[in-house]
Amino acid sequence: MKSFSYVRPSDVDTAIAAVAADPAGSYLGGGTNLVDLMKLGVAAPGLLVDVSGLPLTEVTPTPEGGLSVGANVRNSDLAAHPLVRARYPALSQALLAGASGQLRNAATTGGNLLQRTRCLYFQDVGKPCNKREPGTGCPAREGVHRDLAVLGHSAHCVATHPSDMAVALAALDAAVRLRGPDESERTVPVTDFHRLPGDSPERDTVLEHGELITAVELPAPAPGRSAYRKARDRASYAFALVSVAAALDVRGGTVRSARLAFGGLAHKPWRARAAEEALVGAEATEESFGRAADAELSAAEPLRDNAFKVELARNLAVRVLASLAAPGGPDAPAAGPAPGARPPGPNSGS
Amino acid sequence: MWHVVPRTAQHPPAVSAVTLHVNGVRHRLTLDNRTTVLDALREHLALTGSKKGCDHGQCGACTVLMEGRRTNSCLKLAVACDGAEITTVEGLADGENPHPVQRAFLDRDGFQCGYCTPGQICSAIGVLAEAADGHPSYVTPVASEAAGQSVPPGPSEPSGAAGGTPPPVPLTPEEIRERMSGNLCRCGAYANIIAAVEDVAR
């Protein structure tokens with residue numbers, strides 16, 4: 001690990017000024033991903049500005065019927081929060097599907113959004129990687145890419161975003177509250193916060209240097225029910241091969257509204273707008289759920305070894321939507337590895 | 001976004017004074033900022049109960065209780081934990097009397113080589129507290145009334161929205177397996193570890 005300086009400001013604007021003033025400055029939250037990447041030599045900040053003690057720890061109901069979640073709310077606390085469990089079950093389940101109990105106790109809401117891909121090439125400084133070192137190439141395209149993207153990838157990068165939480169937030173129309181130098185503020189929908197790789201895969205998000213996530217804002221819950229399900233190589237403590245976050249409102253056997261997002265398929269949480277369009281007004285049957293999933297996944301461009309993800313995504317989406325449409329509500333999460341699972345690699349989590 | 005930029009600017013020193021309260025004892029240390037809590041415990045305080053398995057937060061052997069919550073000590077920079085209360089496996093027993101979770105691991109033979117055991121035990125203590133506090137896991141059934149339709153939207157007190165403090169979650173073997181999944185055991189003592197945790201949960 002490279003040597004670094006460390007400061008722990010007591011207020012938000014001092015922290016922002018410290019990072020903004022230093023091109024080698026980086027925020028430190030729970031550290032579960034950044035400290036690991038520093039050990040690997042993938043990240044080498046010269047200055048760590050510790051924001052984990054900033055007073056961004058509240059979950060507050062908003063006048064519009066939503067919730068504002070402070071950036072420092074721990075993943076475990078957010079998952080267990082009574083209002084999140086009651087109104088946004090997909091979010092609680094997504095958080096609980098990620099990482100381990102120990103990691104969720106440390107990881108923060110803001111940091112979860114900013115975790116970086118677990119693509120093996122990105123994490124290995126002995127290998128080329130356009131995300132880590134722009135212009136060096138992407139060995140994953142022809143190499144080990146079973147876990148990587150089938151949607152929205154580019155010639156430069158086929159990485160996937162690892163977060164479970166972000167997939168639920170994308171489906172739930174959440175937004176990220178950002179504060180920058182000179183007290184500037186902006187709010188970015190989660191669906192626009194993460195980027196597709198294009199020709200600049202080194203940029204995961206639209207965040208500018210110095211900008212700090214201060215909160216995540218959830219609108220009032222969508223009508224109907226929501227759920228999150230994750231297919232992975234192990235029954236627990238593994239990154240998603242595919243995950244699905246969905247909110248569905250069915251009345252009289254017809255879909256009134258639908259929100260659907262996929263994880264594990266792309267460089268960002270993949271909001272499935274084409275599937276949603278196909279769902280609204282359709283009969284709530286497995287056949288129409290399948291057609292809706294196909295409408296989204298027809299854009300997939302699988303690589304040599306990950307075409308299985310397309311079928312897995314279709315089946316998981318149908319299963320989640322069907323469980324949300326069933327009179328009894330969502331079924332229990334699947335215990336057991338996904339069909340076609342294989343022994344785990346060196347990554348573990350969310 | 002993290003950029004790899006050569007250090008050219010003047011930075012404050014790369015060492016810090018850190019106070020850690022470990023097993024009830026206050027320690028004042030001067031540490032390189034790169035020192036993790038795990039390395040501070042093992043290399044500076046000679047508390048070698050917490051083990052370094054993977055050193056990347058994947059195996060759980062380094063699990064300690066920080067402010068009462070289970071945490072991977074290998075991923076925590078000590079400098080970022082200044083003032084923290086830490087309990088390691090060395091701090092669990094009451095004199096000569098083992099902690100109930102330690103006793104259960106002995107009774108149930110919840111280990112073979114023992115390397116993962118300190119982390120398993122600290123993690124299990126965290127699991128028991130989390131379940132007692134009603135914290136759900138991924139396999140906890142979703143209450144039927146919690147499906148979104150019956151909860152009126154709008155401002156309300158968090159503690160009141162779902163009927164006050166949630167009830168404890170029963171620790172079935174399925175719950176224990178899910179909640180302990182961040183602790184790997186190379187010997188495969190899982191069956192007995194689950195039995196040990198179940199014993200204490202009863």
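Helix H11(A) passes helix H12(A) in a right-handed crossing. The model is predicted.

**Chain A: H11 and H12**

- H11(A) spans residues 286-297, and H12(A) spans residues 308-325.
- Their axes come within 9 Å and cross at roughly 140°.
- H11(A) and H12(A) are therefore oblique to each other, because an angle has to be over 145 degrees to count as roughly antiparallel.
- H11(A) contributes A:Glu286, A:Phe289, A:Gly290, A:Arg291, A:Ala293, A:Asp294 and A:Leu297 to the contact.
- H12(A) answers with A:Val310, A:Ala313, A:Arg314, A:Ala317, A:Val318, A:Leu321, A:Ala322 and A:Ala325.
- The residues of this contact divide into 10 nonpolar, one polar and four charged.

**Chain B: H2 against H6**

- H2(B) covers residues 100-108, and H6(B) covers residues 190-201.
- The axes of H2(B) and H6(B) come within 8 Å, crossing at roughly 135°.
- The two helices are therefore oblique to each other.
- On the H2(B) side, the contact uses B:Pro100, B:Val101, B:Ala104, B:Phe105 and B:Arg108.
- On the H6(B) side, it uses B:Asn192, B:Ile193, B:Ala195, B:Ala196, B:Val197, B:Asp199 and B:Val200.
- Nine residues of the H2(B)–H6(B) contact are nonpolar, one is polar and two are charged.

**Chain B: H3 against H6**

- H3(B), residues 117-132, packs on H6(B) at an angle of about 40°.
- The axes of H3(B) and H6(B) lie 11 Å apart.
- That angle makes H3(B) oblique to H6(B), because only angles under 35 degrees count as roughly parallel.
- B:Gln120, B:Ala124 and B:Leu128 of H3(B) meet B:Ile193, B:Val197, B:Val200 and B:Ala201 of H6(B).
- This contact has six nonpolar residues, one polar residue and no charged residues.
- B:Ile193, B:Val197 and B:Val200 of H6(B) are listed in the contact with H3(B) and also in the contact with H2(B).

**Chain B: domains**

- The contact draws 15 residues from domain 1 and 15 residues from domain 2.
- About 1300 Å² is buried between the domains, and carbon and sulfur atoms give 56% of that area.

Terms used. Residues numbered from 1 in each chain as written. Chains lettered and ligands numbered in written order. Predicted model: local features only at pLDDT ≥ 70, side-chain atom pairs only at ≥ 80, totals over all residues. Heavy atoms only, no water. Axes fitted to C-alpha atoms, helices over the stretch in contact; angles between N-to-C directions. Helix = DSSP H or I, 4+ residues; strand = E, 2+ residues; numbered from the N terminus. Parallel < 35°, antiparallel > 145°, perpendicular 65-115°, else oblique. Contact = heavy atoms within 4.5 Å. Nonpolar A, V, L, I, M, F, W, Y, C, P; charged D, E, K, R; others polar. Buried area = accessible area lost by both parts, 1.4 Å probe. Left-handed = near helix turned anticlockwise from the far one by under 90°.
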